Amino acid sequence: MPRYKVTLRNGTSSDRTFESDFQAVNETHRPTEPGAGIVKIDCYEDGGGVAGVWAAPATSRPTR
């Protein structure tokens, strides 16, 4: 099964194993504690690199 790196808003990350990109996104987007939202999911490639699977949209602040 593919390994994924899940990065949280607070900067921490962990490696998890899922059957597919779809499962990785679904399983990691369940409600979490405030401030611990997921900002990025990457999949480890066979050659040792990582490929982006999902990233949170960039937030912008309104201009006053």
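1. In this predicted model, I would begin with Leu-8, whose bridge partner in E3 is Ile-38. The strands concerned, E1 and E3, pair in the antiparallel sense over 5 bridges.

2. On the pairing of E3 with E4, which covers residues 50-55, the sense is antiparallel and there are 5 bridges. Within E4, Val-50 stands opposite Tyr-44, and the hairpin formed by E3 and E4 has 5 residues between the strands, with Gly-48 taking a positive phi near 105°.

3. The largest nonpolar core consists of 7 residues, namely Tyr-4, Val-6, Phe-18, Ala-24, Ile-38, Ile-41 and Cys-43. At least two residues of this core come from strand E1 (3-8), and at least two from strand E3 (38-44), with E3 giving the most, 3 residues. As general background, nonpolar side chains in soluble globular proteins tend to be buried together.

4. Ile-41, one of the residues of that core, deserves a separate look for its contacts beyond four places in sequence, which are with Tyr-4, Lys-5, Ala-24, Val-25, Thr-28, His-29, Ala-51, Gly-52, Val-53 and Trp-54.

5. Is Thr-28 buried or exposed? With a relative accessible area of 6%, Thr-28 counts as buried, because the cut-off for that class is under 20%. Thr-28 lies in helix H1, which spans residues 21-28, and a polar atom of the Thr-28 side chain lies 2.6 Å from the backbone oxygen of Ala-24. When residues up to four places away in sequence are not counted, Thr-28 touches Val-6, Arg-16, Phe-18, Ile-38 and Ile-41; among the core residues listed above are Val-6, Phe-18, Ile-38 and Ile-41.

6. Arg-3, which has its place in strand E1, has a relative accessible area of 41% and is therefore classed as partly exposed, a class that runs between the 20% and 50% cut-offs. Which side chain does the side chain of Arg-3 meet in a polar contact? The partner is the side chain of Asp-15, at 3.4 Å. Apart from neighbours within four places in sequence, Arg-3 is in contact with Asp-15, Arg-16, Thr-17, Asp-42, Cys-43 and Tyr-44.

Conventions: Residues numbered from 1 in each chain as written. Predicted model: local features only at pLDDT ≥ 70, side-chain atom pairs only at ≥ 80, totals over all residues. Heavy atoms only, no water. Core = buried A, V, L, I, M, F, W, Y, C linked by side-chain atoms within 4.5 Å. Buried < 20%, exposed > 50% of the residue type's maximum accessible area, 1.4 Å probe, protein only. Helix = DSSP H or I, 4+ residues; strand = E, 2+ residues; numbered from the N terminus. Contact = heavy atoms within 4.5 Å. Polar contact = N/O pair within 3.5 Å; in protein donor to acceptor, adjacent residues only side chain to side chain. Pairing = 2+ DSSP bridges.
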